[in-house]
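Take a look at the model below. The text then walks through it, one part at a time.

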Amino acid sequence: MVPLEKIVALCKRRGFIYPGSEIYGGLGGTWDYGPFGVELKNNIKREFWKSIVYKRDDVVGLDAAIMMNPQVWVASGHVAAFTDPLIECKICHTRLRADQREEIEDHEKTHKGKKGQWTEPKKFNLLVEAKLGVIEDSKQKIYLRGEITQGVHVNFKNVLDSTRMQIPFGIAQIGKAFRNEITPGNFTFRSREFEQMELQFYVNPKEADKWFEYWKGERMKWYQSLFNDQTKLSFHQHEKLVHYAKKAFDINYDGREMEGIHLRADWDLSRHSKYSGQDLSYLDSETGGKYIPWIVETSGGVDRTFLFLLMDAYKEDGDRVFLKLNPKIAPHKVAVFPLVKNKPDLVELAHQIYKNLKLETNLTTIWDDRGNIGKRYFSQDEIGTPWCVTVDFQSLEDSSVTIRDRDTTKQERVKIEDLLSYFNLKLK
Ligand code: ATP
């Protein structure tokens, strides 16, 4: 297992992730994604969207506001849930009410005799508060969303009324969430600002079990398609469920939660019906029956997936460090180099190839002419570029180039005119 420090160092050195507002000494639990990081992150989100929205007929997308009417959080239970003094286990971040002596003792047993290290009891609210309004005395207290889920549920009726979706159907969303985590840490694993990628799938309660199993399987397959070491991916079933959940599983990477899959029953829509006064039940046009749909939720963390994908991809081969990322999500697919910098014909040809490939936006091609070829390969390996194209003297004679593979370091000659089809085939 690669030590986390190596990942943190690589992220800083190669522009994947920097500490948030670093030149001012940072802000605990916040991180900024650099030039290569934003590409990798966008690619993860794009793959999610492709699999959940574009490839299906029964899911549509949504992008709700981060700031919402505070009543939303009263209805969802977030406001009430966080008014008691709580303590948090520093080992696994379980939170318990400070007066739950039995639970505390039980919990310490789960760490095999190791005494739970608890934070001081605090009255705290996980929701990050903000003030909205321009006049100092009449500012309204609002919350930055603590989960992106509620933005979807409050739009359930809008989506029904404005599209042709009928149950069973889902709404997908990707976006930022904010939590006053008491103990942020493990790099981006537990941040105060993070991004989620979610599906809320609305079903007839009679079919809830079937859909729950279906989405568990689909989401696992999606992660399996991106990770090299699939033995590290597993399901973890929650024994203790929050009061409204009927079932809860996590998809873990190496024993740590990356995505939660929950059967939320009718909790969200019932509560929003009650608190908003709007009827959010569903009229089944075939049977004429009315019911509150149940919800199967799949809630993944973009930042955790990013972090675990780096841990999975990080490889050392002697002095060489390379990221064995699936080419679909690698920040750049292709790098183009002229063998030498001082031969105008050669540089010109390399530049032409670079320009042409760059027009193909799915290849996100980059140029490098610094140092020698060996250094350039090493540099691309560290950011996970799967293919490097070198234009050399032979290229001027026979219109072919060398393509070097990141994982095997093997090289092959390919005609310039075949480059596009070569890469597109690899990316299929
Ligand atoms: P945990 O038990 O680790 O606090 P959770 O069960 O509260 O997580 P959910 O509310 O189910 O998490 O959120 C869904 C996903 O959002 C998680 O699986 C995780 O990937 C991501 N996530 C949650 N909290 C954080 C955080 N503080 N930092 C980064 N990602 C997070």
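How far does helix α11 reach from its first C-alpha to its last? This helix covers residues 344-359, 16 residues in total, and reaches 23 Å. That is close to the 22 Å expected at 1.5 Å a residue, where the expected span is 1.5 Å times one less than the number of residues. Helices (H or I, at least four residues) and strands (E, at least two) are DSSP runs, numbered from the N terminus.

This is a predicted model, in which local features need pLDDT of at least 70, side-chain atom pairs count only at pLDDT 80 or more, and totals for chains, interfaces and linings use all residues. Residues are numbered from 1 along each chain as its sequence is written.

Stay with α11. Its buried residues are Ala350, Ile353, Tyr354 and Leu357. The face turned away from the buried side carries the exposed residues Pro344, Asp345, Lys355 and Leu359. A residue is buried if 20 or more other C-beta atoms lie within 10 Å of its own, exposed if 12 or fewer, and partly exposed in between, with C-beta atoms placed from the backbone.

What covers the buried residues of α11? The cover includes β19, β20, β21, β22 and α14. Contact here means C-beta atoms, placed from the backbone, within 7 Å.

Strand β22 is also the place of Arg404. Arg404 is buried, with 22 other C-beta atoms within 10 Å. Leaving out residues up to four places away in sequence, Arg404 touches Tyr377, Cys388, Thr390, Thr409 and Gln411.

Now move to the ligand. Of the 17 residues around the ligand, Phe194, Gly260, Ser299, Gly301 and Arg304 come nearest; a residue counts as near if its C-beta atom, placed from the backbone, lies within 6 Å. β10, β13, β16 and α10 each supply at least two residues of this shell. β13 gives the most, with four residues.

Finally, step back to the whole chain. The protein chain has 14 helices and 23 strands. Its C-alpha trace spans about 75 × 55 × 50 Å along its principal axes. Of its 428 residues, 32% count as buried. The domain assignment gives domain 1 (4-74 + 132-311), domain 2 (84-124) and domain 3 (332-427), with bounds from an automatic or database assignment. The centres of domain 2 and domain 3, taken over C-alpha atoms, are separated by 55 Å.

Technical notes. Two residues are in contact if their C-beta atoms, placed from the backbone, lie within 7 Å.
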